[in-house]
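User: I have a model open and want to go through its packing. Can we take it piece by piece?
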Amino acid sequence: MLDLSILGVTMRMAAPILLAGTGTLYNDRAGVTNITLEGSMLLGGFFAVACSYFTGSWVLATLAGIGTGVIISLVFHFLTSVCGGDELVVGFSMNILLDGLSIFLLKQIFHQSGSLVDDRIVGMPQISSEALESIPVLGTIFNGQTWIVFFTFFFALLTWVILYRTPFGLKVLACGEKPQAAATVGIKVLHIRFLCNMISGAMCGLAGVQISLGFLSLFTQGMTVGRGFIALAAVIFSKGNPLRLIAITLFFGFAEAVSNRVQLMQFPSELVLMLPYLAVVVLTFVRFDRLKKMRIKKPSSEQLAEK
C-alpha cells in the first residue's frame, strides 16, 4: 500500500524548485537567460536566517529573503541589459561570487564555519488544522505544510493564466520570440525584461527562505545543493509551459523524497544522495516533441502509393 506521507514530502521538496523555476520562466519567455538561481536561493536563505536570528520574526525574515533575490536580479539586469555583459558569463560568475559571499558573511557576522544553528532562529510556521486533516488523501498531503508550499503551486497555476490569458503575458511572449517586432509596435522590451527579472529574483529569494526556514531552521554552507540548477533544467525541459513545469518538479521532488526514505535502509549515503540528480539525467532522455509526433498517425505505405 502506498504511504501517502511520501506525497506530502514530495510537495515540500518540490516547492523551492518549482518556485525558482516558475520565477525564471518569466525570464525564459521574455528572452533572458538567467542562471543565477542557485546563488539567489543560497544568499536569500542566508539573509532570511540572519534576519530571523536578530529579529525573531519569520515575516521579516521572509521579506529579507525576497529582497535579497530582488537585489541580485537588479545587479544581473544592470550587468547584462545595461552594461551589455554576456548573460551566461555574468550568471556563472555571480553564482560563484554569491556562494563565496555566503561563506564570508557567515564567518564575519556569526563567527561560524560551515553552518549556523541557534535557538534564536525562528522557523516558518506550518499550516495545520483538524478540518484539513480530516480530508482523505489531500489532508495527508497538505496538512503540516508551510504557506510557501501553498503559494508555490498557486503561483505556478497563476503564471499559466498570466502568460497565456493577459496582455502582460502576451507582451512577455512577444519580447522573447520577436523582440524587434515587439519594439516596433511600441512594447518596451527592456522594461518587460526588467519586470521579469524582478519576479524571478523575488521567487528565487522566497525559495531560499523555504529551504532555510521551511525545511529546518538553520543555514548550512551550500545548502541549496544544486536545486537552482535543477530548477533551470526543469524550465528547459518544460519548454516554457507552467503546467508541464509543475509535473517535472513534482518528479524531482518525488525523487528527493524517495532519497530521504532510502537513507533509513542502510544503503551507502553516496548512492542515495545521487537519486535526485539521476532523475535529472533520466529526464534528459524524454523528448516531448517526439511524444507529440508519436501521437500523429503516419499514413500507411498504401495511402502513400495512392497519392
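User: What is the handedness of the crossing of α7 and α10?

Analyst: The model is a predicted one. In it, α7 and α10 cross in a left-handed way.

User: At roughly what angle do the axes of the two helices cross, and within what distance do they come?

Analyst: Helix α7 covers residues 147–165 and helix α10 covers residues 189–215. Their axes cross at roughly 150° and come within 10 Å.

User: Which residues of α7 and α10 meet?

Analyst: From α7 there are Trp147, Ile148, Val149, Phe151 and Phe155. On the α10 side they meet Ile199, Met203, Leu206, Val209 and Gln210.

User: What is Met203 in contact with, leaving aside its neighbours within four places in sequence?

Analyst: Met203 is in contact with Phe151 and Phe155, and also with Leu19, Ala20 and Gly23. Ala20 is 183 residues from Met203 along the chain, yet their C-alpha atoms are separated by 5.5 Å.

User: New topic, aromatics. How many aromatic pairs does the structure hold?

Analyst: There are twelve aromatic pairs in the structure. One of them joins Phe46 and Phe219, with ring centres 5.3 Å apart. The planes of these two rings are at 75°, over the 60 degrees needed, so the pair is edge-to-face.

User: Where do Phe46 and Phe219 lie?

Analyst: Phe46 lies in helix α2 (residues 37–55), and Phe219 lies in strand β4 (residues 219–220). The pair therefore ties together parts that are 173 residues apart in sequence. Phe46 is buried at 1% relative accessibility, and Phe219 is buried at 1% too.

User: And Trp160 with Tyr164, what kind of pair is that?

Analyst: Their ring centres are 6.0 Å apart and the planes are at 45°, so the pair is tilted. Both residues lie in helix α7, four residues apart, which is about one turn of the helix. Trp160 is partly exposed, with a relative accessible area of 27%. Tyr164 is also partly exposed, again with 27%.

User: Which residues do ring pairs link into a cluster?

Analyst: The cluster consists of Phe46, Phe47, Tyr53, Phe54, Phe110 and Phe219, linked by ring pairs.

User: Now the core. Which residues in the largest nonpolar core touch the most other members?

Analyst: That core has 63 residues, and those touching the most other members are Leu19, Ala20, Phe110, Val209, Leu213, Phe219 and Phe252. Several helices each supply at least two residues of this core, among them α1, α2, α4 and α7. Helix α10 gives the most, with eleven residues.

User: What does the second core include?

Analyst: The second core is separate and has seven residues, including Val32, Ile72, Phe76 and Leu98.

User: Last one, Ser40. Where is it, and is it buried or exposed?

Analyst: Ser40 sits in helix α2 and is buried, with a relative accessible area of 1%. Leaving aside its neighbours within four places in sequence, Ser40 is in contact with Ile72, Leu98, Cys204 and Gly205.

Technical notes. Residues numbered from 1 in each chain as written. Predicted model: local features only at pLDDT ≥ 70, side-chain atom pairs only at ≥ 80, totals over all residues. Heavy atoms only, no water. Axes fitted to C-alpha atoms, helices over the stretch in contact; angles between N-to-C directions. Left-handed = near helix turned anticlockwise from the far one by under 90°. Contact = heavy atoms within 4.5 Å. Phe/Tyr/Trp six-rings, centres within 6.5 Å; stacked < 30°, edge-to-face > 60°. Buried < 20%, exposed > 50% of the residue type's maximum accessible area, 1.4 Å probe, protein only. Core = buried A, V, L, I, M, F, W, Y, C linked by side-chain atoms within 4.5 Å.
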